[in-house]
Amino acid sequence: MIALALVLQLGLGAPADVRGTKHNLAASSGNAIRALGVDEVCVFCHTPHGAYQSRPVWNRDLSYQDGASLYALYGSTTLDSSVVRPTGASKLCLSCHDGTLAIGSLMNLDAVRNVTVPMQGGVTTMPAGRTRLGTDLRNDHPISMVPNVAADPEIQLPPPGDPVRLREGSTPGQKDTVQCTSCHDPHLTSYKFLVKDNDRGALCLTCHPKPGWLGSRHEASLATYPANGPNGATVGDLGCLACHAPHNGQSPSRLLHTNNLSVGTPRPWAEENVCFSCHQPGGTGVDPARGRAAPDLLTQFQKLTHHPVELKTDEHQPVFTSHLPAPETTLNQRKHVECVDCHNPHRVQALPGNVHEGMKGISLSGGEVVDDEVNDLRQYEVCFRCHGDAFATFVPPAPTRPPGGSNKRLEFQPTNDSFHPVPEPGRNQSTYLNNVDDAPDGQLRGNDWQGNRLNRFSTVLCSDCHNNEATADTPGSARGSPSGPKGPHGSSNARLLRASYSTQVGTPGGAPFGGYSPSNFALCFLCHDERRLRGVSVNRSNFFQQGGVGAGRDNLHQVHLVDRTNAACHECHYNVHSNVQAANTDYRNVLGTDTHLVNFAPNVRPFPGPDPYYGDRPALPRYGRTPGNRPYCFLSCHGRDAMDGVKTVYLPPNP
Amino acid sequence: MTAAARLLVVAALAAPPPPRASLLDASRHNFFGPGAHAPDAAIDLCQFCHVPNRLPGAAAPPPRWAPDAPPQAAALDVRADPHGQPLPLRFAGSTLRCLSCHDSTVSRIAIPFRPSSTSLRGDEVAADRHRRDAPGDAYLAIPDGWAGRVMGNHPVGVPYPLGSGGYRLYGPRASPLGTDDWQADPRLRGLKLFSDRSGFVLPAGGAGVECASCHDPHGTPHRPFLRLPKARSELCLGCHAK
Amino acid sequence: MRSARAIALAASLAAACAHAPARTAGTHLPGDPAWPRGEGRTIAWLGEVRGPEDLGIVRGFLGRVWAVVTGRRDVEGLYRPSGVAVDADGRVAIADPGRRTVHLYDPARREARRIRGEGRAALVFPVAVAFVRGTLLVADPDAGAVRAFDRRGRAVPAPVPLPPLRRPVALAVDEARGRLFVTDTAAHAVHVVPLAPGGEARVLGGRGADPGRFNYPTHLAVDAEGRLAVCDAMNFRVQLFDAALRPAGAFGQAGDGLGDLPRPKGIAVDRDGVVFVLDGYYDVIQAFDRGGRLLGALGGSGVGPGRLWLAAGMALDARGRLWVADTFNGRVQLFDLEARTP
C-alpha cells in the first residue's frame, strides 16, 4: 500500500515548483543542462551564507561590478525611458544568461568558496541558443528602465495586483523599474517562466495596450502561422509574438523577428521580411473566416516596379507612434519606403476595411491628418506623405522636396483647371468623356459600359491606376477586381501601373508605333471607352472637327491615335494627374475654364512661326482659345510642322 | 564555588533526548573533543552554548568598585538598557549564541562576516542600508541596523509569515508577500520556528526564523548541522514554495 | 550630535599627541556614560570611531566631493571591526574581516590607509593586529598565517620567524622582553616567539582544563611587567601567567552572573594590573584584579554610547585609553580608564 502510494506520488511527474523547471540544475533533474554530482536545486542561484547580495541571497558573482561597458543596451528612436545599465534582479539573471560566467560557477558550495560545479556534457557557460542573450542586449526588450508613461499613450503601468510588476531598480526600495523579473519568475513552471500566459499577447498588452489592436486584421486572423506549424497557432493566437521577439529580435530597434530569412535582400532581418513571414506564398494557413491565406505581398514587391521597401533596412520610424521621427537627412539617396509608411500593423484592417487604419497622412491643404476612431484617412492622404510637397513621413517639419518629380498634392487640388477625379469629381462634366451614358441628373442609366460603375460624379483612387496588374481583369475601380492582392505594392507594368500605358515616343521621320493598338493604352481603357476615341458622330469624344478630313475622321482622337500619327496619349496628356505643373504648355485664354488635362510631352515643340490668332511667337507649345473662344493647338510634333494654321482650330460642339 | 553549586534552569537541558545527545557527543559542537566529556556531568556539553543560569548574587561577591550596586545588577544578563536603545533584534536569542562563537576564533566558520569580505559591492552595501523596518506593521522586515550585520546571509531574527498572509517583504513600500511563496507551516517538515516571547506556542505574526530554524546545533545526520537534507533542496523548499 | 562627538574626540586625540595626558571628563558629552572606579576615578566614555574622519583624518576638498558623488563614504569606514592595536606613535590599526581589510589610521599625519594585502599575502579574514617595532602584524586565521606590513601598508617579511600556525587569532607583544605571543586556537596553544635572534621559542598550553592548558584560547594581553593574560574561551576563564610564563592563576567560569565569563573575547591589563575582560555574549566589560576578584562592569547590549553588540577585541594604549572593537555596531569605542570623577 505504501509502495503503491509512493509509486503514485512519483508518477505524478515533475513537481509543480522550481524542481519541475529547467532552472533545476540538480544532477537528478533530467534536464539537458544539469550538474554532475551536485544534487541540489536552489544552490545554483541562492546560498544561505556568503551571498553576493542579501536579496535574494545570491550565490553567484555578477558579470560586471559597477556599470562598466560590458553590455550593449537596447536603444530605439521610440524609447522614452533611459536604459543606462542593468540593475537589480536583471543583473542576477544576466550572470548566467549573458554567457560570460560558467553556469556552475558558485560563490559557495558546502561551505567552500568560489566553486565551479562541473556540468553534464562539459557545459560551462550558457550554450548558444535562445536562452543565451549574450552581452549584446540591443535586441532584447529593454530592462532596468523606469517606464516613462507620460510620454507615450501606448505605454501603461501594470495595474495593481497584476502578475506583471515593476521591480526595484537603482533606487533602493522603489519598485519602479522594468526588470527581467517583471515578466519572468525564474521559479515558475509555466512556459518560459512567464508570470502570466502570453496567449494572444496578454502579457505584452499589460504594459503595451495598443489601442485598435483588438479587432484589427492581425489580431482577428485565424490563419495558422507558420502555415503548417506543429501547434496550429494562429496569427491571432501568437499575438505580439507573431512579429515581435522580446529576446533576440532580428531587427533590434523594434524587436522584430521573422522566420523568413530566405528573401533575397542583404539584410534578412529587414523589417519588410517580418511582414513577408506571413505575406509570401504559403506564408500562413488559410484563414477559414476569409477563405484564403495571408495575401502574398512578397511576390508583389519582386515585380518590375514596386514601392522599394527593400532598399533600406528599418529606415523609417513608424509614424503611428507618438514620436516625431527624425527628418530624412539625405535627400539625394534613392527613393525608398517601408511597409510602416503606409500601414499600421497594430490596427490595419483588410479591404474593404481601412488598410490605413491608425496611420497619419497629409491632407490636400498640406496639414497632418490622423486616422482615428472618428476620421478615416483618404488614400491619397497617405500617398501625399511622399508624393506631395516633400518626402515626408510626417508633418512638420519636413525637408524641402528636391527638384524633380511632381507634387501630387498640388496636382490634385480641386481648384485646378483639370485633374483626374481623385479628391473630388472632375471638372470636365462632359458626358462624352466618360464611358457611361448618364442622365443629366447624374444617375446611372443601367447601361454602363463594361459595368465599371463610374460616371462623371465618381472619384477614383490612386490605386485605381497604380496597382497590381492582376486587377486589370476588371474595368473601373481596382477594388472591384476579384484578383489581388490589391494595392500599389508592385506591378509588372512600368510606373506601378495597373495596366499597360505606353509612353513610347517616335523619332523624327517615324511614328511612335507601327500601328494603333488599344493594348498600348489598356490602363486608360479600364475607365475610358475606347469607342469614344475612335467613333464618329454620336459615339465620339468631344475632341472633334466638324467636317473632318474623311469619313469618321472628325473624331480627332481617332485622327491622332490611329489615322495620322499613331500618337500616344502621353503626347498630349503628358501629366495625367493634372495640368497644374505643366512645364511645356502655353495656355492662351483657356486657364480658368477647362484645359481637358492637356499638357504636352517634352518632345512636343513650339511652332516656329507666329501664332495666327495673336501674332506672337509662343516659347512653348500652345493650347489656347482663339479670340472667338474656340480652342486650338499651335505647336510642332516631333519637330515636324504638323499644323497649317487652319487645322489647329478645335471646335467644340457646344461652345 | 564549584560547578555543582550552580543551578541549571535551561528547560531544554533538563532531559536531553538520548539520540540527540549522542549526535552532539560526536559533533564538532562537543568542545571537549569528540566523545570527551566534562568530569562534571551536570553541565557537560551544554554549557558551551547554553550559559548556565546562576541565581543572581548567590555566589558572586559584589563588585569592589560599586559595592552598593542593586542586587539585580549581580546578573550579567542586564541586557535592557533603561536609557539606551535596545538591540534591534526580535528573535535573536539563539542566534546570538551562534554568532558569539562563529567569528573565526573559537569557530573556524564566521558566517555573518564572510559575505561582504569578497563580494558585496559598495552599491549593495548602500542598498542594504536603506532597507528599513516599519515598527508595528506586519512586514517581514529586517530590523533597523540588523540588515547590515547579516548582509549576504539568509535573514535571521525575522518573522515568518506563519498563519498570516499580511506580510510584506523588507519594508513598507514593498509588495505584499504572496502566501503562495511560503509553506504554511515549515515545522511540519521538520524545521523550527522561534517565538519572540520565548514560549513554545507560536502566535501568528510571532514566529521567527533563526539560525536554528535550519540548523540543529545538537547534531543531525545532515552536514552541516542541517535539519533537512540539501539533496534536491529539500531544506530550502521546507519554507519556500518556489 | 555625532559630529560634535567626532570633533571632541579629534580634539582629545590632538591633545594626547601633545604628550599632555588627556584626563578628559570634559571631552564627552553630558549624559554619556561613566562608571565609578573608586578613589575618585571613573571610566569615561570618550567616543566612537566609525571611520578616519572620527580621528580628525579629513579628506581634502576633492576627496570629499568624490565621496559625495560616489556615495562611497561607507566603504572607507569600519564595517565589522574585530581587533584593534595602537602603537607608541598613536597609529591605530583596526582589523575588519568584514572588509578583508586592516584600516590603518595615523591621526598625527592625517593619513588613512586600507591594507588588504596582495597576491598570496592577501588578507582573507584579519581578526587581530599588533605593532612590533613599527611593523604591523595581522593575524589571519582563515589564511592560517600572520602577515606583516610596513608603515606604508606594503607586505613585508615577518620581522621574526613564525612557527607553523593553524588558526592564529590573537597577537600580543612584549617589546621589553622581546616576546611576541600568538594564539593558535585550533592547536589550543599560545606560541611565544622571541623577537631577538637566539631567543627561546616556547609553546604554552595544550588542550585541557588544568592550569596552563587551554581549550580554544583566543585573545591575549601582556602587561608592563611582562605578565600574560589569555582568554581561555571554552574553559570560560582567563588564565594568567607570570613574567617567566608560568601559570599564575585563573578566574571565571561559565554562567550568567557578575564575574562569570561565558564568552571571553577580548582582554587588556592596565597599568594598575586591572584585567579588563570583554564578554562577547553578554556584551559587558568586566574588571578583575589579579586575584580574580570582580571590581566592576561596564557596557551591556545595545547600540548607544558605551553599549556593545557582539564585540570582540580590545587594546589599551599608552595613555590609559581602552579601544574596544564593537563588531556588530561597526565601530570602535573609546573609554578613558583613568578619568577623574567630575
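In α2(A), the buried residues are A:Gly88, A:Ala89, A:Ser90, A:Lys91, A:Leu92, A:Cys93, A:Leu94, A:Ser95, A:Cys96 and A:His97. Buried means that 20 or more other C-beta atoms, placed from the backbone, lie within 10 Å of the residue's own; exposed means 12 or fewer, and partly exposed lies in between. The model is predicted: local features need pLDDT of at least 70, side-chain atom pairs count only at pLDDT 80 or more, and totals for chains, interfaces and linings use all residues. Residues are numbered from 1 along each chain as its sequence is written, while chains are lettered from A and ligands numbered from 1 in the order in which they are written.

Helix α2 of chain A spans residues 88–97 and is mostly covered, with 10 of its 10 residues buried. Helices (H or I, at least four residues) and strands (E, at least two) are DSSP runs numbered from the N terminus. The buried residues of α2(A) pack against β3 (167–168), β4 (175–177) and α3 (180–183) of chain A. Just after α2(A), A:Gly99 has a positive phi of about 75°.

Chain C has three helices and 25 strands, and 58% of its 342 residues are buried. Contacts require C-beta atoms, placed from the backbone, within 7 Å. Among chain C contacts between residues at least 6 apart in sequence, 45% join residues at least 24 apart. Leaving aside residues up to four places away in sequence, C:Leu171 touches residues including C:Val129, C:Phe181 and C:Leu220.

Methods:
Two residues are in contact if their C-beta atoms, placed from the backbone, lie within 7 Å.
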